[in-house]
Structures are given as C-alpha cells and as structure tokens.
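Please work through the exercises below with the sequence and the model open beside you. Each one sets a task and then gives a solution in steps.

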Amino acid sequence: FGKRVELHVHLDGSLDVEELFSICVHRGIALPLPGGGSKVPQSARDVRQYIATRPGWHRFDAVNDILGGDAETIRKAAEAFVAFQARS
C-alpha cells in the first residue's frame with residue numbers, strides 16, 4: 001500500500017504556522033495580544049502563540065480569523081495544501 005487517500009481534510013487544520021504568518025504579513029492582519037491590543041505578527045512564533053491561546057476546537061476559529069474574508073487568500077492556502085500533499 002504505497003498510496004494513500006485523504007478522506008476528509010479541513011483546510012483550516014492543515015496549514016502550518018509559516019504559511020499563516022505569511023498570510024498575516026501579506027494582508028496586514030493584526031492578531032490580538034494576550035495583554036490587550038493587537039499587532040501584525042513579527043514571526044511564525046507569534047502566530048503559534050495566538051493559536052495556542054484558543055482552547056481545543058476553537059483553534060480552528062483562530063486559523064479562520066487569518067484565512068477568512070478573502071477568496072484569493074483561501075485559494076492560495078488551498079494550493080499550498082495541495083502542493084504539500086503532492087510532495088508527501
């Protein structure tokens with residue numbers, strides 16, 4: 001069985017923080033800071049910390065906050081996912 005098939009994949013759960021960081025910078029998306037306020041993340045670590053503040057399944061909501069509202073961003077994210085799958 002050298003081949004595999006993805007039966008069900010959520011785009012919002014399949015992107016790595018580097019890709020999400022790139023999207024934030026490109027779109028100028030400011031993420032909430034733990035102590036209040038918000039800013040555009042300076043690194044993928046900032047994005048990882050933002051996502052980690054959300055409990056359980058709400059982490060998908062954090063990713064959707066970054067992806068949502070822009071069809072071009074969703075298209076690019078889907079293409080990045082498909083490209084990753086093709087390489088794996």
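The model is predicted, so local features need pLDDT of at least 70 and side-chain atom pairs count only at pLDDT 80 or more, while totals for chains, interfaces and linings use all residues. Residues are numbered from 1 along each chain as its sequence is written, and side-chain values use heavy atoms, with hydrogens and water left out.

**Exercise 1.** Identify which residues of the largest nonpolar core touch the most other members, and which elements give two or more residues to this core.

*Solution.* Begin with the term: a nonpolar core is a set of buried Ala, Val, Leu, Ile, Met, Phe, Trp, Tyr and Cys residues joined through side-chain atoms within 4.5 Å, where buried means under 20% relative accessible area, exposed over 50% and partly exposed in between, with a 1.4 Å probe and protein chains only. The largest such core has 17 residues, and those touching the most other members are Leu20, Cys24, Leu31, Val47, Ile51, Ile66 and Leu67. Two or more residues come from each of helix 1 (17-27), helix 2 (44-52) and helix 3 (58-67), these being DSSP runs (H or I, at least four residues; strands are E, at least two) numbered from the N terminus. Helix 1 gives the most, with 5 residues.

As a next step, take Ile51 and set aside its neighbours within four places in sequence: Ile51 is then in contact (heavy atoms within 4.5 Å) with Val17, Leu20, Arg59, Ala62 and Val63.

**Exercise 2.** Determine where the buried residues of helix 1 lie around its axis, and what covers them.

*Solution.* The buried residues of helix 1 are Val17, Leu20, Phe21, Ile23 and Cys24. They lie on the same side of helix 1, because they cover an arc of only 160° around the axis, the arc being that of the directions from the helix axis to the C-beta atoms. Their cover includes strand 1 (31-32), helix 2, helix 3 and helix 4 (71-87).

**Exercise 3.** Describe the salt bridges of the structure and how they are placed in sequence.

*Solution.* With a salt bridge taken as a side-chain nitrogen of Lys or Arg within 4 Å of a carboxyl oxygen of Asp or Glu, the structure holds 3. Asp65 pairs with Arg54, their closest N and O atoms being 3.4 Å apart; since Asp65 lies in helix 3 and Arg54 in the loop between helix 2 and helix 3, the pair ties together parts that are 11 residues apart in sequence. In helix 4, Arg75 meets Glu72 at 2.4 Å, N to O, and these two are 3 residues apart, about one turn of the helix.
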